[in-house]
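Please keep the sequence and the structure in view while reading.

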Amino acid sequence: MDELAPAPGSNVDPGQTDEPRTPSRLHALKDKDTFIVADSRGDILGGADGLFHNDTRLLSRFRLLLGREPPSLLSGAVSADNVFFTFNGANQALPLPGGPIGPPGVLHVERKRFLWRERLFERITCVNYSRDEVLTPLTVEFGADFRDMFEVRGAKRARRGALSAPEIDGRSVAFRYVGLDAVQRSSIISFSDPPVRLSGSRADYLYPLRPEGRLELYLEIGAAAEEPPSRERFRANAAAARWDMRSRIRHGARLKSSGRLFNQWLDKSRADLALLTTRMETGPYPYAGIPWFSTAFGRDAIITAWQILWFEPSLAKGVLTYLAAHQADEVSAFRDSAPGKIMHETRKGEMPALGEVPFGRYYGGVDTTPLFVALAGAYAERTGDLQLIDDLWPALTAATAWMEHFGDTDGDGLIDYARGAESGLANQGWKDSQDSVFHA
């Protein structure tokens, strides 16, 4: 296929916008390897924001307009349990077809969204609080650029894959991109109501709202097509997402104090950790952060698991098991790996898959390997679970061998990063040149 170019009927670049490149305030939601970052209105403007899945941006523009303007901002926040984002606003002046301008502030607008099963669910609600009927022109703008996470962060690529023309089908639009890694990635936007006009970049509606009238529009966005959005689907999946988060927050020992503010801080910390923790085949694993680090990091996960080991040891078990399964078994200058070394970072996007960046599985953290061994010892002391230590014994002995041979090249008993060329650290020039992009 040809290099990425605008297909007929598509935007020139769905990621570009005349809006400021970085919204002033960002709000994030996450489910497994999918997360969304948007501004306080819930809009995605094509800067550092977007809907991401497996380190690829599936949605680079997502904007709500009433008439020609976005709603005015009253509030925008994520719920205390990190499940829902809710925006509240009001209309600005509405142009009436063939008539005067409608008054601002007569419509209350709410956007409520959540992620569940790696899919975005959103409900747009408008209520007319005026004494007259209001003809409500509602527009949803959207676009998908399928940029790799590192492109969004600033990396430049000489070539990209092929972006197909949007597939429009009544009340859904499908975007498809075939990367240079020969993997097809899709983003499908579906609406509960058929728009008056639907194109590859926007859906237009015109709702007559009587006094105290209410409209609800449901949207779903994901990598695959499912049943049409509806109130029933929204409520059922919202309940499932909330119950799942509640069970994750309640896992482990509960801590309470006599201080109300301190208890609130504890509850918020538990909710934040529950949001970042992803269920792997090897057990729970805390991701490092949203947006740039919503993936498995070695050092961050070990330190997090160690800090809460005394009241939630299952997290340490998941971290140790995952890192042992991804331990290095070869010398690679590109990936900074050597036999026995523990992983620093892993990525699932197109650029890591092609080897354009080394972070598909990267081992550049020099202190992660001794921290892995130390966490295993602390876990055994805390839990008495020697069966896990027996299972991890080959990984632990390989890790200590790396510390003795590759990590301590001058034999002084200290791990020396500068002299660790045998473990792949000789490629320091490449790392230094990319540091501002990949490690900001």
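Predicted model: local features only at pLDDT ≥ 70, side-chain atom pairs only at ≥ 80, totals over all residues.

Residues are numbered from 1 along each chain as its sequence is written, and side-chain values use heavy atoms, with hydrogens and water left out.

The pairing of β7 with β10 (residues 107-115) is antiparallel and comprises six bridges; two strands are said to pair if DSSP finds at least two bridges between them. Strand β7 (residues 85-90) is also joined by six bridges to β6 (residues 72-78), again in the antiparallel sense. Within that pairing, Gly76 has Phe87 in β7 as its bridge partner. Six residues lie between β6 and β7, which form a hairpin, and Asn82 in its turn has a positive phi of about 65°.

Five bridges connect β1 with β2 (residues 34-38) in the antiparallel sense, and His27 stands opposite Ala38 in β2. In a regular strand, side chains alternate between the two faces of the sheet.

Gly170 belongs to the loop between β14 (167-168) and β15 (172-178). Is Gly170 buried or exposed? Gly170 has a relative accessible area of 54% and is therefore exposed (buried means under 20%, exposed over 50%, partly exposed in between, with a 1.4 Å probe and protein chains only). When residues up to four places away in sequence are not counted, Gly170 touches Pro195 and Leu198, where contact means heavy atoms within 4.5 Å. The C-alpha atoms of Gly170 and Val196 are separated by 9.8 Å, the two residues being 26 residues apart along the chain.

Turning to the helices, the axes of α4 (residues 298-307) and α7 (residues 368-383) come within 10 Å and cross at roughly 25°. That angle makes α4 roughly parallel to α7 (under 35 degrees counts as roughly parallel, over 145 as roughly antiparallel, 65 to 115 as roughly perpendicular and the rest as oblique). The crossing of α4 and α7 is left-handed, a term for a near helix turned anticlockwise from the far one by less than a right angle, with right-handed used if clockwise. Residues of α4 in this contact include Ile302 and Trp306, and those of α7 include Leu371 and Phe372. The contact of α4 with α7 consists of eight nonpolar, two polar and one charged residues; Ala, Val, Leu, Ile, Met, Phe, Trp, Tyr, Cys and Pro count as nonpolar, Asp, Glu, Lys and Arg as charged, and the others, Gly among them, as polar.

Helix α7 also meets α8 (residues 386-405), their axes coming within 9 Å and crossing at roughly 155°. The two helices, α7 and α8, are therefore roughly antiparallel to each other, and their crossing is left-handed. Among the residues in contact are Phe372, Val373 and Tyr379 in α7, with Leu396, Trp402 and Met403 among those in α8. The contact of α7 with α8 divides into 14 nonpolar, two polar and no charged residues.

Notes:
Axes fitted to C-alpha atoms, helices over the stretch in contact; angles between N-to-C directions. Helix = DSSP H or I, 4+ residues; strand = E, 2+ residues; numbered from the N terminus.
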